[in-house]
Amino acid sequence: MKWMIVEKGEELAQVAYQFLKQEIERHPEGLTVGLATGSSPVGVYEEWRKDALDCRHVTTVNLDEYVGLSPEHPQSYHTFMQEYLFKDVAFKESFVPIGDTEDPVRESERYEALVRNRGIDIQLLGIGANGHIAFNEPGTPFDAKTHVTELTESTREANQRFFDRLEEVPTKAITMGIGTIMEAKKILLVASSERKAEAVRDMMEGVATTDCPATVLKRHADVMVILDEEAASLLSDDAKRTGRAAYLNFMKV
Ligand code: F6R
């Protein structure tokens with residue numbers, strides 16, 4: 001696992017976007033980029049929208065979608081992606097699981113096959129305060145494929161800010177599994193704010209355990225973590241020094 005530590009969120013978005021852009025430019029023949037929703041990637045998508053990068057060779061696959069919400073629902077991840085990225089950047093093709101299907105299990109299987117057929121070249125991830133990646137909550141097996149998951153109360157409460165009331169936050173989601181995510185060739189995880197500091201420390205300095213799903217990333221050969229100072233605040237001094245130096249180095253290149 002490699003990591004960079006930046007001062008705050010704006011730099012984080014710029015560095016993360018540059019990292020993704022390098023990858024996109026490195027594959028003119030075409031590639032598949034895995035995308036996330038939530039607050040973490042918003043700045044990254046802003047940078048992406050401002051840039052005039054040609055992405056017509058890029059396929060995108062999103063991590064997850066709420067069960068029960070139609071693509072047109074204002075809080076669906078389809079709508080999120082449309083607003084924050086797809087309306088301004090033209091991709092070859094883009095996929096998000098369908099949340100308002102009659103058979104979410106079947107949809108999970110369809111989506112798993114779709115993702116596996118394409119193969120993810122680089123996956124963008126955020127991290128939940130409880131250490132979840134995508135909607136793989138604590139306790140999810142490390143080899144899980146795309147599946148229907150029950151959201152924990154803490155995740156529903158954290159996501160309530162996007163809805164009017166807690167009762168409106170769906171209780172289930174379709175999510176790529178940890179095993180699906182681990183198949184990605186590269187992973188880029190971004191985390192900002194103090195709220196993420198414990199999960200980030202566990203991911204980087206703890207042992208790999210399903211209690212903190214993000215710890216699985218230690219077993220992946222090519223992971224870059226980009227943190228702001230607050231999210232990195234509980235790391236060891238050594239890890240902080242390494243992360244700050246890695247950022248300065250990245251900026252020089
Ligand atoms: C979203 C996703 C989630 C979020 C995580 C952090 O597609 O998969 O794992 O990345 O819940 O959310 P934010 O960024 O809103 O703090």
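Close-up 1. H2 and helix H3 (residues 77-86) pack at an angle of about 45°, with their axes 9 Å apart; axes are lines fitted to C-alpha atoms, for helices over the stretch in contact, and angles run from 0 to 180 degrees between N-to-C directions. Val42, Tyr45, Trp48 and Arg49 of H2 make the contact with Phe80, Met81, Glu83, Tyr84 and Leu85 of H3, where contact means heavy atoms within 4.5 Å. By class, this contact of H2 with H3 has seven nonpolar, no polar and two charged residues. The model is predicted, local features need pLDDT of at least 70, side-chain atom pairs count only at pLDDT 80 or more, and totals for chains, interfaces and linings use all residues. Residues are numbered from 1 along each chain as its sequence is written, and side-chain values use heavy atoms, with hydrogens and water left out.

**Close-up 2. Helix H1 (residues 9-26) crosses helix H2 (residues 42-50) at roughly 55°, and their axes come within 8 Å.** That angle makes H1 oblique to H2. The crossing of H1 and H2 is right-handed, the near helix being turned clockwise from the far one by less than a right angle. On the H1 side, Ala13, Gln14, Ala16, Tyr17, Leu20 and Ile24 meet Gly43, Val44, Glu47 and Trp48 in H2. Seven nonpolar, two polar and one charged residues form this contact of H1 with H2.

**Close-up 3. The axes of H1 and helix H8 (residues 237-252) come within 12 Å and cross at roughly 55°.** H1 and H8 are therefore oblique to each other, and their crossing is left-handed. Glu11, Val15, Gln18, Phe19 and Gln22 of H1 make the contact with Tyr247, Phe250 and Met251 of H8. The residues of this contact of H1 with H8 divide into five nonpolar, two polar and one charged.

**Close-up 4. The ligand is surrounded by 15 residues, and the closest are Ser40, Asp64, His132, Ala134 and Lys196.** An N or O atom in the side chain of Asp64 is 2.7 Å from an oxygen atom of the ligand, and an N or O atom in the side chain of Thr37 is 2.8 Å from an oxygen atom of the ligand. Ala134 contributes a backbone N or O atom that lies 2.7 Å from an oxygen atom of the ligand.

Terms used
Helices (H or I, at least four residues) and strands (E, at least two) are DSSP runs, numbered from the N terminus. Angles under 35 degrees count as roughly parallel, over 145 as roughly antiparallel, 65 to 115 as roughly perpendicular and the rest as oblique. Ala, Val, Leu, Ile, Met, Phe, Trp, Tyr, Cys and Pro count as nonpolar, Asp, Glu, Lys and Arg as charged, and the others, Gly among them, as polar. A residue is near a molecule or strand if one of its heavy atoms lies within 4 Å of it. A polar contact is a pair of N or O atoms within 3.5 Å; within protein, one must be able to donate a hydrogen and the other to accept it, and residues adjacent in sequence count only if both atoms are side-chain atoms.
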